[in-house]
Amino acid sequence: MTTLRLRPEDPADAGSVRRVLAAAFARPDVATPPEVSLVDELRDTTAWLPELAMVAEYGGEVVGYALLTRVRLRPERGSDVPVLALGPVAVAPHRQRVGHGTAVVQAALDASTELGERLVVVLGAPAFYRRFGFGPANELGLTGPWAGLGEPWQALVLPPSTSEEGPPPRGEVLFPAPWSKV
C-alpha cells in the first residue's frame with residue numbers, strides 16, 4: 001500500500017515543486033503561472049522558512065505543496081510582529097480531491113504551531129480553509145493588500161505556546177516584495 005509522506009521541502013525538490021505549482025495553477029493565458037515565480041523568489045528572501053515549506057510525496061513523487069513564509073503585522077502602536085502567510089498551496093491535478101491538499105496544509109500548520117507561531121493569513125477559498133479554523137481576517141482587525149477581496153482574506157490564530165499569551169494584535173499585514181507580482 002502506498003502512503004502519503006509529509007515532510008519539509010528538500011533543496012532537491014525544487015524542480016518537482018515547480019512542476020506541481022505549474023500544473024495546479026495552469027492557465028491558458030500564461031506560460032508560467034506567477035505562483036511558480038513567487039516560490040522561486042521567496043526562496044531567496046528572509047521570508048523563507050525552510051522548515052515550513054511542506055511537500056506531500058506519494059509513491060516517491062512530490063504531488064502536493066504548502067508554503068508558509070514570514071510576513072509582518074504592523075499594529076497601530078508598537079513594533080512590527082512576525083506572522084505567517086500561507087500560500088501557495090498546490091496539488092498535482094492527477095492527485096487532487098483525495099485529501100493530499102488537506103494533509104499538506106495541516107502538516108505545515110502543525111509545524112508552525114510547534115515553532116511557536118501565533119498567526120497565519122491566507123488568501124483563498126473559504127470553504128477549503130475553514131476546515132483548518134481560518135475565518136475572516138477583518139474580524140481580527142487585519143488589513144493588507146488583499147483585504148478588499150472580502151471572504152477570501154482569512155486568518156487563523158494558532159494555539160499559544162504559553163497561557164500568558166494574549167490575542168495577536170490588530171493591524172496591517174505587510175508582504176515581502178515577491179508577493180506584489182501575484
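The largest pocket is lined by 32 residues. Nearest its centre lie Phe25, Val89, Ala90, Phe128 and Tyr129. This is a predicted model: local features need pLDDT of at least 70, side-chain atom pairs count only at pLDDT 80 or more, and totals for chains, interfaces and linings use all residues. Residues are numbered from 1 along each chain as its sequence is written, and side-chain values use heavy atoms, with hydrogens and water left out.

**The pocket**

Rolling a probe the size of a water molecule over the atoms shows where empty space is left. Here a pocket is an open set of points on a 1 Å grid over the protein atoms alone, where a 1.4 Å probe fits, with protein on both sides within 12 Å along at least five of seven lines. Lining residues have an atom within 4 Å of a point. The volume of the largest pocket is about 740 Å³. That is the space filled by probe spheres set on the points, which are joined across faces, edges and corners.

Elements giving two or more residues to this lining are H2 (34-42), E4 (81-91), H3 (100-114), E5 (119-123) and H4 (126-129). Helices (H or I, at least four residues) and strands (E, at least two) are DSSP runs, numbered from the N terminus. Strand E4 gives the largest share, 7 residues. By type, the lining has 21 nonpolar, 7 polar and 4 charged residues. Nonpolar covers Ala, Val, Leu, Ile, Met, Phe, Trp, Tyr, Cys and Pro; charged covers Asp, Glu, Lys and Arg; the others, Gly among them, are polar.

**Helix H1**

Which residues of helix H1 (residues 14-24) are buried? They are Ala14, Val17, Val20 and Leu21. Seen down the axis of H1, they fall within an arc of 125°, so they line one face of the helix. The arc is taken from directions running from the helix axis to the C-beta atoms. Their cover includes H2, E2 (53-58), E3 (61-75) and E4, with contact meaning heavy atoms within 4.5 Å.

Most residues other than glycine have a negative phi, and most peptide bonds are trans. Proline 88 is in strand E4. The peptide bond from glycine 87 to proline 88 is cis, with omega near -5°. Arginine 97 is not a glycine, yet has a positive phi of about 65°.

| Residue | Loop | Relative accessibility |
|---|---|---|
| Arginine 97 | between E4 and H3 | 85% |
| Glutamate 76 | between E3 and E4 | 74% |

Glutamate 76 and glutamate 172 are 96 residues apart along the chain. Their C-alpha atoms are separated by 8.2 Å.

Key: Buried < 20%, exposed > 50% of the residue type's maximum accessible area, 1.4 Å probe, protein only.
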